[in-house]
Amino acid sequence: MDATTNPVFCTIVPPHVFDRLIEAEDPALARIARRTFVADAAQRTERRLTTVLGAEPAAPPAGAAADQPRRTVYDAQHSTTLPGRRVRGEGEPPVQDATVNRAYSGLGATFELYLQAYGRHSIDGNGMPLDATVHFDNSYNNAFWNGTRMVFGDGDGQIFLDFTLPVDVIGHELTHGVTQHSANLTYFGQPGALNESMSDVFGSLVKQYALDQDAHQADWLIGAGLLAPGVHGDALRSMKAPGTAYDDAVLGKDPQPATMDQYVTTGRDNGGVHINSGIPNHAFYLVADALGGKAWEHAGQIWYDVLTGGRLGSQAMFKDFAGLTVTAARDRYGDGAETQAVLKAWSQVGVPAS
């Protein structure tokens, strides 16, 4: 592992959701929420220990093609022991387990976006193997990146379904690895919200690329199809309209703000990283919507240039990131439509970009 990186434990479902579920009137839901919360805490502790003690980097196999993914999917068999039993490797045919096959495909879809759109060879830019573990724990209501691999729960079937179902969840979590190996944004406060936003942006672009959608065809939802039938909501987050993804008697209401006027100051969730990410998320949506076409081409290229360009500090605030996107747009596209769209978007969400 690169000594300059600081791997963090990042989940797709934020803590404020579990705060609500733990207080649910249904004791079964509350019990599952507590179990997921405990499992997350154990994995977070393991991540910190690995960071302190160090981890051996995975050696690429001899003769591996730099423009091909190297995927391996494991089955935890409902335990919390990682990585689990190897069930499918690169180039091997589909297996009977649909969850395994979705994980395999999602790893490939993420690899393809980064390679074809940005010339990036895997998560670290150097052909890093892509490992995933499915069937983690029992009724585990989350998916996470632990600094080295993707891990998926099956969901409880009452609130959440299988976490391999939305390909943008896979793209989201793997993008934490891209951030880890590039800007290495601190996972707290505004830098942490930017970290989460980068994952939502490129997670959404993975889905749009896989479906060949343009910016106006895309739903701009993160985790669509993840909520179980009966839950009143469409997804975990909306980039188009932050704060509207769900409004449910059990889950509560989506708390994301769309502008700085609604910025949430909190000590929970590492200073609100999953909440305030709605602001830069919305800025990206506004840029992509204004430009039209394939969002990964111009809007995504600007964001990728900033994320990987070496000028984005680990403690960057929203205004720092906004200013860099303006610079990146001008450097690549001059003072045309792209730069004007970026300036307008940040103005609309209340972040100074000069």
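Which residues have the most contacts inside the largest nonpolar core? Keep that in mind as you go through these views of a predicted model.

View 1. The fold is built from 10 helices and 10 strands. Of its 354 residues, 57% count as buried. If you look at contacts between residues with a separation of 6 or more, 63% of them join residues 24 or more positions apart.

**View 2. The largest nonpolar core.** Here is the answer to the opening question: Phe160, Trp303 and Trp346 have the most contacts inside this core, which has 88 residues. Helix H3 (residues 98-118) provides the largest share of the core, with 10 residues. In soluble globular proteins, nonpolar side chains tend to be buried together.

**View 3. Phe160 and the residues it touches.** Leaving out residues up to four places away in sequence, Phe160 touches Val13, Val17 and Leu21, along with Asn141 and Gly155, and also Leu226, Leu227, Ala228 and Leu236.

**View 4. Gln180 in helix H4.** Look for Gln180 in helix H4, which covers residues 167-180. Is Gln180 buried or exposed? Its relative accessibility is 5%, so Gln180 counts as buried, the cut-off being under 20%. While you are here, find Asp124 too: Gln180 and Asp124 are 56 residues apart in sequence, and their C-alpha atoms are 8.3 Å apart in space.

Conventions:
Residues numbered from 1 in each chain as written. Predicted model: local features only at pLDDT ≥ 70, side-chain atom pairs only at ≥ 80, totals over all residues. Heavy atoms only, no water. Helix = DSSP H or I, 4+ residues; strand = E, 2+ residues; numbered from the N terminus. Buried < 20%, exposed > 50% of the residue type's maximum accessible area, 1.4 Å probe, protein only. Contact = heavy atoms within 4.5 Å. Core = buried A, V, L, I, M, F, W, Y, C linked by side-chain atoms within 4.5 Å.
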